[in-house]
Amino acid sequence: MKSHKIRLSTIVVLLFSVFWLMPLVLIFINSFKPYNDMMQHFLELPKSWKLDMYIETWVKFDFPKLIKNTVIYTVSTVLLIVLIAPMAAYKLARVKSKLSVFCFILLILPIMIPFQSYMITLTRLVSNVNLIGTRTGQVLVSTGLCMPLAVYMIHGFIKNVPMDLEESAHIDGAGSLRTYFLIILPLLKPILATVIVLDALATWNDIIVNLFIAGSNTGAMNIQNALYMRFSATSSDWEHALPGIVMSIIPSLIFFLFMQKNIVGGVTAGAVKG
């Protein structure tokens, strides 16, 4: 009986996996088709597996520049978060005061508010400081949007770190900075790995933020926004968009598969204690 239940659960999981993976499979097989074949034979395999559309898309979209922009945004955002978020979370977790609690609630408040409710105001703010259409504006906004969740996750993880370690370090003569960098920060590697994965994927796959911040400046667009801009009310460039989507997915998919174990490990470790 138990073996039958296991087999049944395996079949159910496989069916759901096929269901969720089907859109990606369809994107991949249709990325090799010209527009007419794509529209008329969407569910069929391509007649040939030539890379002509990929090469044409690479040149037409100026993919090297798009990749450069997307990498700059992703790496810069992740580095700023890894630098600032652990410090903020550590201070808020260790200082027991009403002000600390208030600052923590204020910091994580954006998690509870839909981005759509304040994106226009945020765009106006960025415009007023002349950062619309710039890479700097994109990096700062992406960092600000990813910061609350990063601080929240690290804050929960730090509560599991015994105070005895810090007290021992202070007894041995270590100051606050030395204790943080030599004792606390190395212990945060599991949750920092999780934060890096989540924020890197969020920044790499971002469309909305770059759409508002980059504006009409094609030099500041990332891959996803550049692909999105090929569609309008009168035209849809599917034969170039699908190869572009596949090329944009490959780096993030490889990164996720390589780092996926850190997501579960970090989240689980940080959720043991409130």
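**Nonpolar patch and cores of the model**

Helix α5 gives the most to the nonpolar patch, with 6 residues. Helices here are DSSP runs (H or I, at least four residues), numbered from the N terminus. The model is a predicted one, so to speak of local features takes pLDDT of at least 70 and side-chain atom pairs count only at pLDDT 80 or more, while totals for chains, interfaces and linings use all residues. Residues are numbered from 1 along each chain as its sequence is written, and side-chain values use heavy atoms, with hydrogens and water left out.

The patch covers about 890 Å² of surface, and its members are Leu99, Phe102, Leu106, Leu109, Ile111, Met112, Ile113, Leu149 and Tyr152. Areas come from the Shrake-Rupley method with a 1.4 Å probe. Both α5 and α7 supply at least two residues each.

Moving inside, the largest nonpolar core holds 23 residues, and Ile81, Ala85, Val151, Ile154, Ile158 and Leu188 have the most contacts within it. Such a core is a set of buried Ala, Val, Leu, Ile, Met, Phe, Trp, Tyr and Cys residues joined through side-chain atoms within 4.5 Å. Two or more residues come from each of α4 (63–94), α5 (98–112), α7 (135–158), α9 (176–187) and α10 (189–204), with α7 giving the largest share, 8 residues. Leaving aside residues up to four places away in sequence, Leu188 touches Pro86, Ile154, Phe157 and Ile158, a contact being heavy atoms within 4.5 Å. There is also a second, separate core of 16 residues, which includes Phe32, Phe61, Phe63 and Ala226.

As for α10, its 16 residues reach 22 Å from first C-alpha to last, close to the 22 Å expected at 1.5 Å a residue; the expected span is 1.5 Å times one less than the number of residues. Buried residues of α10 include Ile191, Leu192, Val195, Leu201 and Trp204.

Leu45 lies in the loop between α2 (35–40) and α3 (52–60). It counts as exposed because its relative accessibility is 62%. Beyond residues up to four places away in sequence, Leu45 touches Ile29 and Lys33.

Technical notes: Buried < 20%, exposed > 50% of the residue type's maximum accessible area, 1.4 Å probe, protein only. Patch = residues over 30% accessible without salt bridge, like charges linked within 9 Å, V, L, I, M, F, W, Y side chains within 5 Å. Salt bridge = Lys/Arg side-chain N within 4 Å of Asp/Glu carboxyl O.
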